[in-house]
Amino acid sequence: MFDYHAYFSRELDRLKEKGVYRYFMNAEKSTRNFPVFFYERNGKSNRAVNFCSNDYLGMSVEEEVIGRLSFVLHQSGTGSGGTRNISGTTSHHQSLEHALALWHRKESALLFGSAYLANLTTLQTIGRRIPELVFLSDERNHASMIEGMRGARNQRRVFRHNDMAHLEELLSELPADRPRIVVFESVYSMNGSVAPVQDIIRLAKKYHALTYIDEVHAVGLYGSSGAGICEQEGLLDQIDIVNATLAKAVGVIGGYIAASQTIIDFIRSYGSGFIFTTSLPPAVCAAAERSIQLIQRGSSLRSSVFGHVNYLRRLLKEAGISYTDNTSHITPVLVRDPVKCKAIADALLMEHGIYVQPVNQPTVPAGEECLRLIVTAKHTREQVQHLVTSLKQILIEESTDHMQSQPAQLTAG
């Protein structure tokens, strides 16, 4: 007889032995103190500064966003009560979709419970309905995009990360009448690289391919109104399908796609991940729309984020700490060893009150384990200084303690 629990236990032990088992910390978020939060250790409450939050602009603790959510919450209740076609569509859903479409200069938009579900459903639906469609996928694409393409079971050809010559080679090998779609991200969340969006669009048009961009880590931060990299580069009207989230810079929960009316209606009509999922609570939709309005109002919060990013990187350079340089807001410090990565993160938390989540497999490939440093609009320069000073101290201590064992070096990418 197959021993299911023994199998599961062995697999979990394998993760622990490799140093990639995931531990979750109970972080009690505080609207008043963000990015400072509180956690319990040894029966005592401790405080730490969060340097790995995707709440880039601090909109989740913005009073106007909270106030809007609270007002509609008392009007409409905590949940929608159904799927979009079974009582789950309200004026708040429709208003938010209209606002999102305008934001990305598209004819229409469609809400999902998360950007993961939006990616999964949209790519899977398009692939299943067009069996001969070929996916051209960047090798660094997010798991949700990979799962969406994999679920469709279409041919998928993977091009090297941001390698336009390789992408064109793959496109040129396909028969001229073969439908195809290029799937990529604008800002890659682990290494912080930014896609050459204009070049990808140029190649897609040359070879008659649809374009699908994931702007999850760009929405709210880039462009004159915060609509993302496509807006920053003046390409909003050139991309076919945009995926993004309401759960990061917008500060609530949910995801969406924006595209032509025909594409949106197609996904709305055929996508099982949309049809059979309870819709977002109306209050969440209202809060998200208010947050977007505030983001569109001005660039001060975005400027604050990038000011902190530049300050962080200057201090890292002065401290002799290498990091992966890029043009985005994400600052990875490569460690290249999962056990060491977690040890450094633990020391930052326990000894210095700094929370940085170690990033290991399967989020990144083996050998690319890193500390992904994120500064938000709510951080202070003093907190950034404390992060760099503490990290330098830990790295010096670690290097001294393990000099004889020749540990993996922190290396810039």
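User: Why is Ser87 called exposed?

Analyst: In this predicted model, Ser87 has a relative accessibility of 53%. Exposed means over 50%, so Ser87 counts as exposed. Ser87 lies in the loop between helix H2 (63-76) and H3.

User: What makes the phi of Ser87 worth a remark?

Analyst: Its value is positive, about 70°, although Ser87 is not a glycine. Most residues other than glycine have a negative phi.

User: Why is Arg336 called partly exposed?

Analyst: The relative accessible area of Arg336 is 36%. Buried means under 20% and exposed means over 50%, with partly exposed in between, so Arg336 is partly exposed. Arg336 lies in the loop between strand E11 (331-334) and helix H13 (338-352). Arg336 also has a positive phi, near 65°, and is a residue other than glycine.

User: How do you know that Val197 is buried?

Analyst: Val197 has 0% relative accessibility. The cut-off for buried is under 20%, so Val197 counts as buried. Val197 lies in helix H7 (residues 197-206).

User: What does Val197 touch, leaving out residues up to four places away in sequence?

Analyst: Val197 touches Phe184, Ile213, Ile229, Cys230, Glu233 and Leu235. For contact, heavy atoms must be within 4.5 Å. Asn162 is 35 residues from Val197 in sequence, and their C-alpha atoms are 9.2 Å apart in space.

User: Which members of the largest nonpolar core touch the most other members?

Analyst: That core has 90 residues, and those with the most contacts to other members are Leu100, Leu167, Val182, Phe184, Val197, Leu246 and Leu371. Another core lies apart from this one; it has 21 residues, among them Leu123, Ile181, Val183 and Ile263. In soluble globular proteins, nonpolar side chains tend to be buried together.

User: What does Leu246 touch, not counting residues up to four places away in sequence?

Analyst: Its contacts include Leu96, Leu100, Leu111, Val252, Ile253, Tyr256, Leu280 and Ile292.

User: How many disulfides does a search of the whole structure find?

Analyst: The search finds 0 disulfides. For Cys370, the nearest cysteine sulfur is that of Cys341, 6.3 Å away. A disulfide needs two cysteine sulfur atoms within 2.5 Å, and Cys370 is in no disulfide.

User: Are Cys370 and Cys285 buried or exposed?

Analyst: Cys370 has a relative accessible area of 1%, so Cys370 is buried. Cys285 has 0% relative accessibility and therefore counts as buried. The cut-off for buried is under 20%.

User: How do you know that the length of helix H12 agrees with its number of residues?

Analyst: H12 (residues 300-319) has 20 residues, and at 1.5 Å a residue it should span 28 Å. The expected span uses one less than the number of residues. The end C-alpha atoms of H12 are 28 Å apart, so the two values agree. Buried residues in H12 include Val305, Val309, Leu312 and Leu316. After H12 comes Gly320, with a positive phi near 75°.

User: What makes E2 and E3 a pair?

Analyst: Strand E2 (residues 36-41) and strand E3 (residues 44-50) are joined by 6 bridges in the antiparallel sense. At least two bridges are needed for pairing. Tyr39 stands opposite Asn46 in E3. The two strands form a hairpin with 2 residues between them, and Asn42 in the turn has a positive phi of about 55°.

User: In which sense do E3 and strand E12 pair?

Analyst: E3 and E12 (residues 354-355) pair in the parallel sense, over 2 bridges. Val49 stands opposite Ile354 in E12.

User: Why are E1 and E12 called edge strands?

Analyst: The open sheet has 4 strands in the order E1-E2-E3-E12, with mixed pairing. Strand E1 (28-29) and E12 each pair on one side only.

User: What is the order of the open sheet of 7 strands?

Analyst: The order is E4-E10-E9-E8-E7-E5-E6, with mixed pairing. The edge strands here are E4 (108-112) and E6 (155-159), each pairing on one side only. Neighbouring strands in this sheet are turned by 20° against each other on average, direction ignored.

Terms used: Residues are numbered from 1 along each chain as its sequence is written. This is a predicted model: local features need pLDDT of at least 70, side-chain atom pairs count only at pLDDT 80 or more; totals for chains, interfaces and linings use all residues. Side-chain values use heavy atoms; hydrogens and water are left out. A nonpolar core is a set of buried Ala, Val, Leu, Ile, Met, Phe, Trp, Tyr and Cys residues joined through side-chain atoms within 4.5 Å. Buried means under 20% relative accessible area, exposed over 50%, partly exposed in between (1.4 Å probe, protein chains only). Axes are lines fitted to C-alpha atoms, for helices over the stretch in contact, and angles run from 0 to 180 degrees between N-to-C directions.
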